[in-house]
Amino acid sequence: MSARRHRTLALAFPLVLACAALPVRAEDARKEADTGEAPPPVRVEVSIPYPNAAMYLHRGIYASFTGGGANAQVRDTATGAPAWGSPVFQWQGEMGYFYTEWFSAGVGFRINAGAPSDSIQTVENRYFLVARLHRFWPRAAAFVGMRVGVDDVNFSLVPSDSLSLEERISESETGIGIAAGGGWKFSRYAGLTFGQRADLSLVRQTARGPSRSIVLLSQPGLALDMVRVFPDLGQNVKAFYLLTEWQLGQSLPEYGPTTRQFAWITGLSLAF
């Protein structure tokens, strides 16, 4: 008889808990109906890393700076076979502000240049405004965006150059681009990023050969969340990522053959 009573109590206990919870849930429903307030939305805990050293925030400002190298495949003048050219340094950075949870805008730059000791070096300057629309989940975020800016002409720093710096600057042209991508925090300490970018440049490729070009790039990357690694950093910044990214794609010039593009960057991004 005692064993039967214990089994009865064991079966009835979950039902008692459920019945006890019903008035509480009913009370919450009545409060929501009276106030008209929906339950709070699910939000990203702090931030999500993005390609191009950007990031997702609900509100706030972020800034990034990265450096690395870039190279392009060109045709050998002797054999005509494709070959990789001389690598150059690449620096890029971005600063943006989240006006709402789904819209951000800011400014950015990208500079490709040879080493200061090179006797001949080509410098490419890109300065632009960037805007993005965002969609977010607790551990991931995605965006679509565009940029509009100025693409400076490529110039050689040699004494025999016939064009002055002022003439080069006056020949700057518009550059526009579209991009899509996102990031996923697969653990609390690290995240993966991926992006697709298409840039249209109206800049002259050489002093004697005007040519528009389209650059298509895929951008896989990895970011380390330093605030999670060192929690004390969270007292000063909302987010702090160390990141690396690869940029793989091709350039489609208006005149001339298609060339393959490769670049890598590493750096940091901060949010306040």
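Reader: How many residues sit between strand 10 and strand 11 in their hairpin?
Author: Five residues separate strand 10 from strand 11 in that hairpin. Strands here are DSSP runs of E with at least two residues, and helices are runs of H or I with at least four, numbered from the N terminus.

Reader: What kind of model is this?
Author: This is a predicted model, where local features need pLDDT of at least 70 and side-chain atom pairs count only at pLDDT 80 or more, while totals for chains, interfaces and linings use all residues. Residues are numbered from 1 along each chain as its sequence is written, and side-chain values use heavy atoms, with hydrogens and water left out.

Reader: What's the overall secondary structure count?
Author: The protein chain has three helices and 14 strands. Of its 272 residues, 36% are buried; buried is under 20% relative accessible area, exposed is over 50%, and partly exposed is in between (1.4 Å probe, protein chains only).

Reader: Now charges. How many salt bridges in the whole structure?
Author: The search finds five. A salt bridge needs a side-chain nitrogen of Lys or Arg within 4 Å of a carboxyl oxygen of Asp or Glu.

Reader: Which residue does Asp199 bridge to at 3.6 Å?
Author: Arg110, with 3.6 Å between the closest N and O atoms.

Reader: Are Asp199 and Arg110 buried or exposed?
Author: Asp199 and Arg110 are both buried.

Reader: What about Arg147 and Asp199?
Author: Their side chains form a salt bridge at 3.5 Å, N to O. Arg147 belongs to strand 8 and Asp199 to strand 11, so that pair ties parts 52 residues apart in sequence. Arg147 is buried, as is Asp199.

Reader: Where do Lys185 and Asp225 lie?
Author: Lys185 is in the loop between strand 10 (173–184) and strand 11, and Asp225 is in strand 12 (residues 213–225), 40 residues away. Lys185 counts as buried because its relative accessibility is 9%. Asp225 is buried too, at 6%.

Reader: Which residues do shared partners join into one network?
Author: Arg110, Arg147, Arg197 and Asp199, through salt bridges.

Reader: Switching to nonpolar residues. Which ones touch the most other members of the largest core?
Author: Tyr50, Met55, Tyr56, Leu57, Tyr62, Ala141 and Ala271, out of 18 residues. Strand 2 (55–56), strand 8 (140–151) and strand 13 (239–253) each give two or more residues to this core, and strand 13 gives the most, with three. Such a core is a set of buried Ala, Val, Leu, Ile, Met, Phe, Trp, Tyr and Cys residues joined through side-chain atoms within 4.5 Å.

Reader: What does Tyr62 touch?
Author: Leaving out residues up to four places away in sequence, its contacts include Met55, Leu57, Glu94, Arg132 and Ala271. A contact is heavy atoms within 4.5 Å.

Reader: Is Leu129 buried or exposed?
Author: Leu129 is exposed, because its relative accessible area is 54%. Leu129 is placed in strand 7 (residues 122–137).

Notes. Two strands pair if DSSP finds at least two bridges between them.
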